[in-house]
Amino acid sequence: MEKLKIGIIGCGGIANGKHMPSLKKEEARAEMVAFCDLIPERAEKAAADYGVPGAKVYTDYHELLKDGSIDVIHVCTPNRSHCEISVAALEAGKHVMCEKPMAKTAADAKKMLDAAKKSGKKLTIGYQNRFRPECQLMKKAVDRGDLGEVYFAKAHAIRRRAVPTWGVFLNEYEQGGGPLIDIGTHSLDLTLWMMNNYKPKAVLGQTFKKLGDQEETGNAWGDWDPKDFTVEDSAFGFITMENGATIILESSWALNTLDVGEAECSLCGTKAGVDMKDGVRFNMIDLGRQTIKKPDLNAGGVAFFDGNTAPDPAHFEAHSWINAILNDTDPLVLPEQAYAVTQILEAIYTSAATGKAVYFD
């Protein structure tokens with residue numbers, strides 16, 4: 001079998017922390033043949049560490065996309081350029097894995113969705129938390145009907161003091177926002193996916209920048225520079241869906257709270273509820289008694305994907321993505337789903353800016 005040929009655009013933190021190490025584990029079926037970054041030294045190092053012999057290095061992604069032998073592109077750049085690069089790659093006939101969030105704006109996300117449909121190529125977004133064991137277990141339980149009708153949920157993305165002080169995370173122009181678009185996007189994606197509900201009706205949101213100007217911050221990654229902090233430090237949304245279901249989204253990089261947790265959700269249904277506050281906890285009434293059930297996530301279980309049992313969500317994501325391309329099946333994260341996430345995130349920011357609820361047609 002001829003290996004898939006992959007090009008990496010953006011060789012910074014997320015490429016080195018997730019995409020390239022995970023793809024390297026799939027080298028029997030895929031190989032990284034091209035690397036692009038505005039900083040040539042980063043692309044050269046990525047090629048040396050992860051590329052095939054003779055891997056090409058670029059500083060202009062347009063030149064990389066001219067290579068007709070490349071099958072797949074991974075977009076690992078700041079949010080502002082997700083749309084531009086993904087659309088160009090799809091139009092060049094490449095399958096695209098774009099890092100989350102899908103785009104900085106809903107309009108850009110729609111352009112990506114339309115380009116994927118027009119090109120016939122696959123597009124997926126890097127929501128790797130769906131591949132965690134506890135998330136897979138919860139999804140199976142919901143799909144089996146264990147919770148009944150899920151009508152209330154919370155999407156949790158709360159850090160006490162963990163503001164990312166590297167790269168462009170604090171730059172509103174590059175990223176489009178702070179914790180809401182950075183980690184709130186993961187929690188919202190998980191929640192909508194669990195509920196299998198992607199039809200929002202109305203959104204009311206608020207953002208705060210109350211701590212970003214402080215010094216001696218106690219931040220996990222060292223003090224941030226207040227003059228660079230151009231995004232919110234916390235954001236919250238109240239979301240109602242067309243079927244009446246309601247979601248509360250909470251996100252922060254810096255908040256004076258001990259109730260922390262990110263990439264988590266809590267679901268409440270007519271038969272039972274489930275949360276992720278201590279592993280996975282199902283709550284229900286059994287024999288007339290309030291009951292809590294906690295599955296043992298350390299015990300063996302069915303592998304999520306045939307031939308892959310490594311407990312690494314990032315590797316599962318890469319493995320599943322390559323399976324989808326080779327077998328011509330849908331990826332786990334569909335672009336239509338990621339588009340709905342971006343629509344809701346944008347609505348929260350819009351609501352916060354205008355002081356009004358945002359309604360969807």
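Predicted model: local features only at pLDDT ≥ 70, side-chain atom pairs only at ≥ 80, totals over all residues.
A quick word on the ground rules. Local features need pLDDT of at least 70 and side-chain atom pairs count only at pLDDT 80 or more, while totals for chains, interfaces and linings use all residues. Residues are numbered from 1 along each chain as its sequence is written, and side-chain values use heavy atoms, with hydrogens and water left out.

Let's start with helix H2, residues 40-50. Helices here are DSSP runs of H or I with at least four residues, strands are E runs of at least two, and both are numbered from the N terminus. Which residues of H2 are buried? They are Ala43, Ala46, Ala47 and Tyr50, where buried means under 20% relative accessible area, exposed over 50%, and partly exposed in between, with a 1.4 Å probe and protein chains only. These four sit on the same side of H2, because they cover an arc of only 100° around the axis, taken from the directions from the helix axis to the C-beta atoms. On the face turned away from that buried side you'll find the exposed residues Glu41, Lys45 and Ala48. The cover over the buried residues includes helix H1 (13-24), strand E2 (30-36) and strand E3 (56-58).

Now to the cores. A nonpolar core is a set of buried Ala, Val, Leu, Ile, Met, Phe, Trp, Tyr and Cys residues joined through side-chain atoms within 4.5 Å. The largest one has 71 residues, and those with the most contacts inside it are Leu64, Met102, Met112, Ile125 and Leu267. Helix H10, residues 335-354, gives the most to this core, with nine residues. Apart from it lies another core of 22 residues, among them Ala43, Ala47, Met97 and Ile322. Please look back at H2 for a moment: Ala43 and Ala47 are also on its list of buried residues.

Leaving out residues up to four places away in sequence, its contacts include Met97, Met102, Met112, Val333 and Ala338, with contact meaning heavy atoms within 4.5 Å. Lys100 and Pro101 are also among the residues that Ile125 touches.

That pair brings us to the backbone. A cis peptide bond joins Lys100 and Pro101, with omega about -15°. Pro101 lies in the loop between strand E5 (95-99) and helix H5 (106-119).

Finally, what is phi at Asn196? It is near 50°, a positive value in a residue other than glycine. Asn196 is in the loop between helix H8 (179-195) and strand E8 (200-208), and is exposed at 56% relative accessible area. Thanks, everyone!
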